[in-house]
Number of protein chains: 2
Amino acid sequence: MEDRILLAHGSGGKLSHDIVEQIFLPLFGNTYLNKLDDSAVFDLNGRIAFTTDSYVVNPLFFPGGDIGKLAVCGTVNDLSMSGAAPLYLSMSLIIEEGFLVADLRRILESVRDAAEESGVRIVTGDTKVVNKGNTDGLFINTSGVGSIRTELDISGSNARPGDKVILSGAIGAHGIAVLSQREGLQFSSQIESDCAPLNRLVAEMIDSGDEIRCLRDPTRGGLATTLNEFAISSCVGIELEESKIPVDESVQAACDMLGLDPLYVANEGKLVAVVNAEGAEGIVDIMLKNKYGTVASIIGNVVSEHPGRVVMKTVMGASRIVDMLVGEQLPRIC
Amino acid sequence: MEDRILLAHGSGGKLSHDIVEQIFLPLFGNTYLNKLDDSAVFDLNGRIAFTTDSYVVNPLFFPGGDIGKLAVCGTVNDLSMSGAAPLYLSMSLIIEEGFLVADLRRILESVRDAAEESGVRIVTGDTKVVNKGNTDGLFINTSGVGSIRTELDISGSNARPGDKVILSGAIGAHGIAVLSQREGLQFSSQIESDCAPLNRLVAEMIDSGDEIRCLRDPTRGGLATTLNEFAISSCVGIELEESKIPVDESVQAACDMLGLDPLYVANEGKLVAVVNAEGAEGIVDIMLKNKYGTVASIIGNVVSEHPGRVVMKTVMGASRIVDMLVGEQLPRIC
């Protein structure tokens with residue numbers, strides 16, 4: 001195999017077949033993918049979730065992960081947030097001519113590892129190569145399908161006054177980790193991305209039997225934007241307690257230095273849930289036992305006042321309106 | 001709405017919501033998409049086909065189509081080629097900062113029109129914006145799911161000696177149309193891309209009840225590469241008759257001038273089928289009645305000799321081995 005990716009690796013011809021045989025199949029091979037047909041074919045029954053995301057993170061490698069891990073976790077999490085058990089992923093690569101095959105292999109090993117951890121299979125794919133200078137190294141699209149238990153109805157539009165808002169952990173690490181790597185910033189302790197597949201955490205929450213109304217992973221736009229989405233879609237108000245929202249000291253220090261608000265910084269391994277009040281404590285207890293929910297807590301309430309708005313009681317006792325992200329705080333973090 | 005795409009349109013925040021509300025929902029709105037959850041949720045039962053493709057065609061607009069039409073037809077066709085009825089598509093955009101909103105709208109109108117013609121719905125999506133110079137205008141990924149009748153078993157590995165090879169129409173128009181536009185080449189008559197959704201043609205072929213063993217659309221790598229894939233996957237030989245393979249005069253003239261072999265030039269509205277010998281004539285008759293199969297014909301046979309190889313009887317009476325595409329004839333044609 002060549003050291004660098006050539007245009008012909010995306011031609012559909014001999015070199016495309018070589019990359020499939022020498023790289024993709026050894027890493028991802030399974031009954032569905034091995035057929036190398038235009039579509040993967042499998043049996044599914046009932047309610048299906050289907051999602052897509054393109055990953056353009058820059059740089060491709062960052063503390064705590066890389067674009068490959070991100071591309072699996074992000075799509076696994078999007079499926080999980082509709083209550084689905086993620087099953088099958090597609091992977092489509094847009095590679096810049098001249099890209100190092102060794103780097104590609106390292107990224108695809110991360111894809112494989114994240115897929116293994118989350119129990120999904122890569123069943124279909126596509127590779128395009130564009131001329132040098134026409135793209136920025138590598139973009140990855142992953143789409144995914146998963147299966148939802150019929151009794152579940154989880155949607156951003158289901159929040160009701162009286163419900164509780166639960167956050168699975170400390171916010172802001174992913175955005176700061178990517179930004180630090182890109183800008184060559186050094187902090188006293190290295191900040192690692194929280195990038196992680198949350199499907200098992202979600203499965204345990206669902207298994208509790210308590211009613212989960214909304215679930216979302218606060219990625220681009222951060223926690224603030226996700227909660228605004230819930231408030232708008234559900235026509236309810238949300239009240240947050242600033243003191244209840246965990247932010248790691250190192251992330252807070254970096255945010256202070258950079259003039260960023262952690263409420264708007266992307267996460268890739270956190271979830272926000274809106275649940276009925278009676279079940280809230282029980283769900284938090286379950287989350288605390290999962291390695292991706294060790295600091296889960298109730299951070300606020302759903303209210304009937306100020307529908308469409310998120311209001312936060314600050315540590316100083318004041319009230320602050322938390323708006324949706326306006327503008328672009330940190331580009332290319334996913 | 002702004003005239004040009006800004007980085008913030010991909011932020012996940014306010015401007016991301018604006019582009020969704022002002023452009024995507026008016027064009028594509030449907031029950032599934034309108035929920036704006038992380039995944040689309042729908043009911044499906046039985047055998048499912050799942051496929052993905054990223055489109056990086058350059059230029060974005062070409063005679064007979066644009067990247068939007070291509071992104072729908074290509075994925076609709078990939079689903080169709082496994083015998084599936086295409087149902088739901090995802091659409092993920094990677095847009096360069098500064099891209100004209102008017103161009104984006106025109107492209108998305110093509111997406112809508114092609115989706116309407118083929119009867120599929122865009123149910124989930126994603127938008128990323130990357131800095132100027134970090135990509136080449138616009139890339140589109142579409143993934144798709146479709147439903148397959150359980151009795152069907154169509155795969156590139158199913159060809160058997162004695163089967164017939166059917167081609168739905170004249171080859172090479174797409175690749176030449178894109179290349180001409182990119183290089184500013186003028187031919188006496190304008191060559192238009194054949195880009196088209198083939199799902200209804202395939203449905204009619206399947207409804208005939210005759211056994212279709214393999215189906216594929218000869219895109220990148222052209223007819224030659226697709227037939228080589230069948231020969232390799234099925235461990236059979238394929239014999240072609242050059243005189244039976246239709247090539248439009250204008251495409252042949254352009255290929256002669258450019259030193260290209262139409263057998264290797266991409267198509268986006270053609271299919272190759274391998275069918276059992278008894279049903280072959282009947283299937284061709286059905287295809288001839290569809291607007292995308294008006295020059296369908298049997299172009300060759302599957303044989304037990306030279307497994308893995310495609311051999312063509314030339315118009316001069318000689319035999320020529322038709323190999324898989326080696327290298328890259330025409331980059332960025334899809």
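Reader: What makes a residue pair count as a polar contact between domain 1 of chain A and domain 2 of chain A, and how many are there?

Author: The model is predicted, and nine residue pairs in polar contact, both at pLDDT 80 or more, are counted between these two domains. Each pair qualifies because an N or O atom of one residue lies within 3.5 Å of an N or O atom of the other, with one able to donate a hydrogen and the other to accept it. On the side of domain 1 of chain A, strand S2 (61-62), H2 and helix H3 (101-118) each give two or more residues to the contact with domain 2. H2(A) gives the most, eight residues.

Reader: Why is A:Lys291 with A:Glu117 called a salt bridge?

Author: The closest N and O atoms of A:Lys291 and A:Glu117 are 3.9 Å apart. The cut-off between a Lys nitrogen and a Glu carboxyl oxygen is 4 Å, so the pair qualifies. Across the interface of domain 1 and domain 2 of chain A the rule finds one salt bridge.

Reader: Why is B:Asp37 with A:Arg216 called a salt bridge?

Author: Their closest N and O atoms are 2.7 Å apart. Eight salt bridges are found across the interface of chain A and chain B. The polar contacts there come to 50 residue pairs, both residues at pLDDT 80 or more. From chain A, S1(A) brings the largest share of the side that touches chain B, 16 residues.

Reader: How do you know that S1(A) and strand S1 of chain B pair?

Author: Eleven bridges join S1(A) to strand S1 (residues 40-55) of chain B, in the antiparallel sense. At least two are required, so the strands count as paired. A:Arg47 stands opposite B:Asp43 in S1(B).

Reader: How many residues does the contact take from each chain, and what area do the chains bury?

Author: The contact takes 76 residues from chain A and 76 residues from chain B. Between them the chains bury about 5,800 Å², 53% of it on carbon and sulfur atoms. In chain A, the residues that lose the most area to chain B are A:Asp38, A:Phe50 and A:Arg220, together 14% of what that side buries.

Conventions
Residues are numbered from 1 along each chain as its sequence is written. Chains are lettered from A and ligands numbered from 1 in the order in which they are written. This is a predicted model: local features need pLDDT of at least 70, side-chain atom pairs count only at pLDDT 80 or more; totals for chains, interfaces and linings use all residues. Side-chain values use heavy atoms; hydrogens and water are left out. Contact means heavy atoms within 4.5 Å. Buried area is the accessible area (1.4 Å probe) that two parts lose on being put together, summed over both. A salt bridge is a side-chain nitrogen of Lys or Arg within 4 Å of a carboxyl oxygen of Asp or Glu. A polar contact is a pair of N or O atoms within 3.5 Å; within protein, one must be able to donate a hydrogen and the other to accept it, and residues adjacent in sequence count only if both atoms are side-chain atoms. Helices (H or I, at least four residues) and strands (E, at least two) are DSSP runs, numbered from the N terminus.
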